[in-house]
Amino acid sequence: MNYVIIGNSVAAVGAIRGIRGVDDKGNITVISRERHIAYGRPLISYLLGGLITEKRMAYLPEDFYEKNRVNLLLDAEVVGVDSTRKQVKLAAGDTIGYDRLLVATGGDPFVPPIEGLAGKERIFTFTTWDDAEKLKGIAADMERVVVIGGGLIGLKAAEGIHLLGKQITIVELADRILSAAFDRPAGRVVAKKMKANGIDVITEDTVVRIEGEGARISGVTLKSGDYISCDTVVVAIGVRPAAGFLKGSTVDVNRGIVVNDTMETSVKGIYAAGDVAEASDFFSGQKNPMPIWPDAYIQGDVAGTAMAGGKKTYGGGLAMNSIELFKVPTISMGITNPLEPKEFDILTYQDMENYQYRKIVLQDNRLVGAVLVGQVDRAGIFSGLIREKVDVTPFKEQLLAPDFGIIHLTKEIRNTLFAPYGKVA
């Protein structure tokens, strides 16, 4: 059996382990357009800021590929898939045959058509190791930076640049930063911490024009008419599933590559996992891209197992985002901003002075969402309560308590949540 995996991030790692858990003899080929082995993408801001070295970036043992007998092709880009001939075509012109194919290419940064952007040299995105290296390479000449986008990517870019001692302004179209993952109070807590560290945050506005002569940037003009002087711009609006090379194929692509509960696409023998896939949501069952690191690994494992003939299914993705900024950890999970608040019971606790906030979202006395800022060490318990659909009535009043934990759960609930790790007393 010839397995081909396009992409080499966490979903690919899950797939390799999934395949080898069933088939220890088949050939595995991994094709990556990046020149690095699998690395921790959340670490690129620390690499940019000099908190870690390149040696810390890899999250796999050095012999991972060798032990799993993987043929690793780095710096090689796939430009097409022929599902009839069961071949993938590389940019260099070569073709590679497969019996089972996994697409785990992640997402591509979205760069909108901003006036004046074309031809400018110091326009960057921030999703890969190479992006961090490019920014680091001009650090000596960088003074003022505008980051377009106040989501997870934009804030991590700002943090890394701040570690270099540069002046930063974040411009966010929504009424708060982290608008997609967190609610207004959580966004305010994080914005306060950013401002306390000298980072300017502008909301409800956006960049409409990049100013400057030729390749040089002198500043940006906002929709409001305000002007911000800068020499570098980082576009961090978001990412789109990297599935452009499937154009013309028979694989069904909506916002992402549509898959079933074994991560198989509309074409038999072709699978997709990670940020590029459009898989089932845990609550609604609707198909959505789920750009979440742990979820990508789970999807990869399910896909790899299924590719090798094993039996595993994907139970649906639970929306979860985690980011730490200036030593303030945050996590959001599940339904955090319900469209119909009256149908939910919402509990909150806030301590702005100490950068702490907690929000619990309940429906029919079952936890369906949570936002944790400042204290996140019990996040695993909250996610377990959501996934197991536990009735929280016996300890509902303790959910907001700073010391909420295992001690507040009944023995039956503890055994439900931690059964994979053995029964607990």
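**Notes on the predicted model**

1. Taken as whole strands, β1 (residues 2-6) and β7 (residues 100-103) run parallel and are joined by 4 bridges.

2. On its other flank, β7 is joined to β19 by 3 bridges, and these two strands are parallel as well; within this pairing, V103 stands opposite A272 of β19. As background, the strands of a sheet pair through backbone hydrogen bonds, in either a parallel or an antiparallel manner.

3. How many strands form the open sheet, and in what order do they come? There are 5, arranged as β3-β2-β1-β7-β19 with parallel pairing. The edges are taken by β3 (70-73) and β19 (270-272), each of which has a single partner strand, so one side of each is left without a neighbour in the sheet. On average, and with direction ignored, neighbouring strands here are turned by 20 degrees against each other.

4. Two helices that pack on this sheet deserve a look. Helix α1 (residues 10-20) touches β1, β2 (27-31), β3 and β7, and its direction makes about 165 degrees with that of β1. Helix α7 (residues 293-307) also packs on the sheet, where its contacts are with β1, β7 and β19, and its direction makes about 170 degrees with that of β7.

5. Turning to charged side chains, the model contains 16 salt bridges by the rule applied here. In general, side chains of opposite charge can pair when their charged atoms come close. One of these bridges brings together the side chains of D130 and R35, at 2.9 Å from N to O. The two residues come from distant parts of the chain, 95 residues apart, with D130 in helix α4 (residues 129-137) and R35 in the loop between β2 and α2 (44-49). With a relative accessible area of 49%, R35 is classed as partly exposed, and I would note that the exposed class begins over 50%.

6. Another salt bridge is formed by R122 with D141, whose closest N and O atoms are 3.9 Å apart, while the limit for counting such a pair is 4 Å. R122 lies in the loop between β8 (107-109) and β9 (123-124), whereas D141 lies in the loop between α4 and β10 (144-148), so that the pair links parts of the chain 19 residues apart. D141 is exposed, its relative accessible area being 56%.

7. Is each partner in the salt bridge between D175 and R176, where the closest N and O atoms are 2.9 Å apart, buried or partly exposed? D175 counts as partly exposed at 30% relative accessibility, whereas R176 is buried, with a relative accessible area of 12%. Elsewhere, salt bridges with shared partners join R122, D141 and D231 into one network.

8. Among the aromatic side chains, the structure holds 5 pairs. The rings of F64 and Y65 have centres 5.3 Å apart and planes at 80 degrees, so this pair is edge-to-face, and both residues are buried. F382 and F404 form a tilted pair, with 5.4 Å from centre to centre and 35 degrees between the planes. Because F382 lies in helix α8 (residues 379-387) and F404 in the loop between α8 and α9 (411-418), the pair ties together parts that are 22 residues apart in sequence. F382 is buried, with a relative accessible area of 0%, and F404 likewise counts as buried at 0%. Together with F395, these two residues form one aromatic cluster.

9. Two contacts between a charge and a ring may also be checked. The charged end of K192 sits over the ring of Y355, at 5.2 Å from its centre, and R387 lies over the face of F282, at 5.5 Å from the ring centre.

10. Finally, T336 belongs to the loop between β23 (328-334) and β24 (345-351), and it counts as buried at 7% relative accessibility. Leaving aside residues up to four places away in sequence, T336 touches A181, K359, V361, A370 and V371.

Methods. Residues are numbered from 1 along each chain as its sequence is written. This is a predicted model: local features need pLDDT of at least 70, side-chain atom pairs count only at pLDDT 80 or more; totals for chains, interfaces and linings use all residues. Side-chain values use heavy atoms; hydrogens and water are left out. Two strands pair if DSSP finds at least two bridges between them. Axes are lines fitted to C-alpha atoms, for helices over the stretch in contact, and angles run from 0 to 180 degrees between N-to-C directions. Contact means heavy atoms within 4.5 Å. Buried means under 20% relative accessible area, exposed over 50%, partly exposed in between (1.4 Å probe, protein chains only). Rings of Phe, Tyr and Trp (its six-membered ring) pair if their centres lie within 6.5 Å; planes under 30 degrees apart count as stacked, over 60 as edge-to-face and the rest as tilted. A charge sits over a ring if NZ of Lys or CZ of Arg is within 6 Å of the ring centre and within 35 degrees of the ring normal.
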